[in-house]
Amino acid sequence: MAAIAKNPSDATALWNLGNIYFDAQDYKNAQVFYEKLTVASPDDANSWIALGAAAFNQKNDRTAFNAWSKATQVDPKNVEAHYNLGFWYLSQQPSQIGRAHV
């Protein structure tokens with residue numbers, strides 16, 4: 001928190017705080033820091049992947065979908081981003097796995 005107080009765009013501090021909250025299963029606070037991370041590092045696919053995971057764990061499907069889609073745009077070859085999107089399609093009721101693409 002001290003690092004963020006000095007520099008609110010400190011990507012490393014934002015990433016670490018997001019991960020601490022995520023690991024504690026406090027997905028709401030994790031999402032707050034991951035959202036700030038995507039602003040600080042919009043071209044980092046991992047920040048979008050993390051945001052999507054925090055949102056998905058809160059059952060915020062639209063935010064998860066948008067974040068994971070953005071991750072595939074930022075890094076089209078990122079396997080984890082595509083995997084997470086596929087998981088999102090599969091988790092929908094009814095399943096939308098047919099809409100998933102590679």
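Student: In which loop is Lys59 found, and is this residue buried or exposed?
Tutor: Bear in mind throughout that this is a predicted model. Lys59 sits in the loop between α4 and α5, and its phi is positive, about 65°, although the residue is not a glycine. Its relative accessible area is 73%, and exposed means over 50%, so Lys59 counts as exposed.

Student: Where does Gln25 lie, and is it buried or exposed?
Tutor: Gln25 belongs to the loop between α2 and α3, and its phi is near 60°, which is a positive value in a residue other than glycine. With a relative accessible area of 60%, and with the cut-off for exposed set at over 50%, Gln25 is exposed.

Student: Which residues is Gln58 in contact with, leaving aside its neighbours within four places in sequence?
Tutor: Gln58 lies in the loop between α4 and α5, where it is partly exposed, with a relative accessible area of 34%. A polar atom of its side chain lies 3.3 Å from the backbone oxygen of Tyr27, and a polar contact also joins its side chain to that of Gln31. When neighbours within four places in sequence are left aside, the contacts of Gln58 are Tyr27, Lys28 and Gln31.

Student: How far is a polar atom of the side chain of Thr38 from the backbone oxygen of Glu35?
Tutor: Thr38 has its place in helix α3, which covers residues 27-40, and it is buried, with a relative accessible area of 7%. Not counting residues up to four places away in sequence, it touches Ser47, Trp48 and Leu51. From a polar atom of the side chain of Thr38 to the backbone oxygen of Glu35, the distance is 2.7 Å.

Student: Which element gives the most to the largest nonpolar core?
Tutor: This core has 25 residues, and those that touch the most other members are Ile4, Tyr34, Trp68, Ala71 and Trp88. The elements giving two or more residues to this core are α2 (11-23), α3, α4 (45-56), α5 (61-74) and α6 (79-91). With eight residues, the element that gives the most is α4.

Student: Are α4 and α5 roughly parallel or roughly antiparallel to each other?
Tutor: Two packed helices are described by the angle between their axes and the distance between the axes. Here the axes of α4 and α5 come within 8 Å and cross at roughly 165°, in a left-handed crossing; residues that make the contact include Trp48 and Ile49 of α4 and Ala67 and Ala71 of α5. Angles over 145 degrees count as roughly antiparallel, so the relation of α4 to α5 is roughly antiparallel.

Student: Are α5 and α6 roughly parallel or roughly antiparallel?
Tutor: The axes of α5 and α6 are 9 Å apart, and the two helices pack at an angle of about 150°. Because angles over 145 degrees count as roughly antiparallel, the relation of α5 to α6 is roughly antiparallel.

Student: How far apart in space are Ser9 and Ala53, C-alpha to C-alpha?
Tutor: Ser9 has its place in the loop between α1 (2-6) and α2, and it is partly exposed, with a relative accessible area of 46%. Leaving aside neighbours within four places in sequence, Ser9 is in contact with Leu14 and Ala40. Ser9 and Ala53 are 44 residues apart in sequence, and their C-alpha separation in space is 21 Å.

How values were computed. Residues are numbered from 1 along each chain as its sequence is written. This is a predicted model: local features need pLDDT of at least 70, side-chain atom pairs count only at pLDDT 80 or more; totals for chains, interfaces and linings use all residues. Side-chain values use heavy atoms; hydrogens and water are left out. Helices (H or I, at least four residues) and strands (E, at least two) are DSSP runs, numbered from the N terminus. Buried means under 20% relative accessible area, exposed over 50%, partly exposed in between (1.4 Å probe, protein chains only). A polar contact is a pair of N or O atoms within 3.5 Å; within protein, one must be able to donate a hydrogen and the other to accept it, and residues adjacent in sequence count only if both atoms are side-chain atoms. Contact means heavy atoms within 4.5 Å. A nonpolar core is a set of buried Ala, Val, Leu, Ile, Met, Phe, Trp, Tyr and Cys residues joined through side-chain atoms within 4.5 Å. Axes are lines fitted to C-alpha atoms, for helices over the stretch in contact, and angles run from 0 to 180 degrees between N-to-C directions. Angles under 35 degrees count as roughly parallel, over 145 as roughly antiparallel, 65 to 115 as roughly perpendicular and the rest as oblique. A crossing is left-handed if the near helix is turned anticlockwise from the far one by less than a right angle, and right-handed if clockwise.
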